[in-house]
Amino acid sequence: FIARTFRYCRVLMTDQILNDNELITDETKLQIAQHFLLSSPPGQFQEVLSDVKRLLPENLLSESLSAGMSRAYNLKHGKIVTSPSGNKVPLCAASELDPTHYIDPNNSKAFGIDHLSLTTTTDPRAGNTESSLEKEREAIQAALCTYISGKYLATDSGGGAFIKDNTIFVTICGEKPNLRNFWSGRFHSSWTVNMSSECAHISGEIKVYAHYFEDGNVQLQSCKPVGSTSFTYSSPTHLAELVVNHINTAETSLQEGLEQMYASMNDETFKAMRRLMPITKTKMEWNVNAVRMVQQIRK
């Protein structure tokens, strides 16, 4: 990965040739730049954007292209923004009215956004509140807010239930960058709830991204698909309770699995990476007195 990264950087900085027959065009450089930007760790998109602009030829990455890549990043990772009403709202494809306008699921009001600065503005339009699933969506949204306030401690945390193509989409994201202490992390889950005559089918995906970069670059990326589960419900409130309980169970299971992995890394993962014996085929002598004797001889 490191070798490929340096190779990409050299390509961005110069007009050199990738191989004997292929010239690196500006279009290819922009594709490489987009790869870097969409892979930015949590809370570090602006830092990566600034570095990429320094590597690229001047004016190659325009403001409109930067905004487009920023939008793709925000939608991919459920970026949390503060709506004009003061609510924490995740950006996702299901909430998008157009590339710069989205729905606040807490009040069904539209708002505009600058994807680069993440500033929001009011918009007179309203979301689709005439859908036959609106009562179910509102109930899920209310249950989500309670769930997130109790489970997600990061300031940039939020969730939303949105209706699109007669389907309810749920997005939850919590992001906590602490760049002064060289780490950042994100917990992001997305869910699809299909309805059919008092029966709901839910499936989803949970993604975890952690980055630690003090004197190094350590990253954890985990993605867990959650298979479809069906259940019957008697009311919108009952449906919301079932949906949020299912999400809670899946997210807790992943969290506990990660904690178990961390606890066993010393005994399993790292041990498997070590040599059973050194190259000399001689076991290390862990005798304190012998070590002290060697030190005295060297003196």
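User: Which residues in H3 meet Glu63, Ser66, Met69, Ser70 and Tyr73 in H4?

Analyst: This is a predicted model, in which local features need pLDDT of at least 70 and side-chain atom pairs count only at pLDDT 80 or more, whereas totals for chains, interfaces and linings use all residues. Residues are numbered from 1 along each chain as its sequence is written, and side-chain values use heavy atoms, with hydrogens and water left out. Helices (H or I, at least four residues) and strands (E, at least two) are DSSP runs numbered from the N terminus, and contact means heavy atoms within 4.5 Å. On the H3 side, the residues that meet those five in H4 are Phe45, Leu49 and Lys53.

User: At what angle do helix H3 and helix H4 pack?

Analyst: Axes are lines fitted to C-alpha atoms, for helices over the stretch in contact, and angles run from 0 to 180 degrees between N-to-C directions. The crossing of H3 and H4 is right-handed, a term for the near helix being turned clockwise from the far one by less than a right angle. With axes 12 Å apart, H3 (residues 45–55) and H4 (residues 63–77) pack at an angle of about 145 degrees.

User: How many nonpolar residues has the contact of H2 with H4?

Analyst: The axes of H2 (residues 26–38) and H4 come within 10 Å and cross at roughly 40 degrees. Leu30, Gln34, Leu37 and Leu38 of H2 make the contact with Leu65, Met69, Ala72, Tyr73, Lys76 and His77 of H4. Ala, Val, Leu, Ile, Met, Phe, Trp, Tyr, Cys and Pro count as nonpolar, Asp, Glu, Lys and Arg as charged, and the others, Gly among them, as polar. By class, the contact has two polar residues and one charged, and its nonpolar residues number seven.

User: Which strands stand at the edges of the sheet?

Analyst: Two strands pair if DSSP finds at least two bridges between them. Five strands form an open sheet with antiparallel pairing, in the order S7-S8-S9-S10-S11. Two of these have a single partner strand each, so one side of each is left without a neighbour in the sheet, and these edge strands are S7 (156–164) and S11.

User: Which residue in the turn between S7 and S8 has a positive phi?

Analyst: S7 and S8 pair in the antiparallel sense over nine bridges, and Ile163 has Ile168 in S8 as its bridge partner. The two strands form a hairpin with two residues between them, and the turn residue with a positive phi, about 55 degrees, is Asp165.

User: Which residue in S9 does Glu175 stand opposite?

Analyst: Glu175 belongs to S8, where it has Asp156 opposite it. S8 is also joined to S9 by eleven bridges, with the two strands running antiparallel. In S9, the residue opposite Glu175 is Arg186.

User: Which element supplies the largest share of the lining of the second largest pocket?

Analyst: On a 1 Å grid over the protein atoms alone, a pocket is an open set of points with protein on both sides within 12 Å along at least five of seven lines, and lining residues have an atom within 4 Å of a point. The second largest pocket is lined by 29 residues, with Gly185, Arg186, Phe187, Val208 and Gln255 nearest its centre. The lining divides into 14 nonpolar, nine polar and six charged residues. Its largest share, seven residues, comes from H6.

How values were computed:
On a 1 Å grid over the protein atoms alone, a cavity is a set of points where a 1.4 Å probe fits but cannot get out, and a pocket is an open set with protein on both sides within 12 Å along at least five of seven lines; lining residues have an atom within 4 Å of a point.
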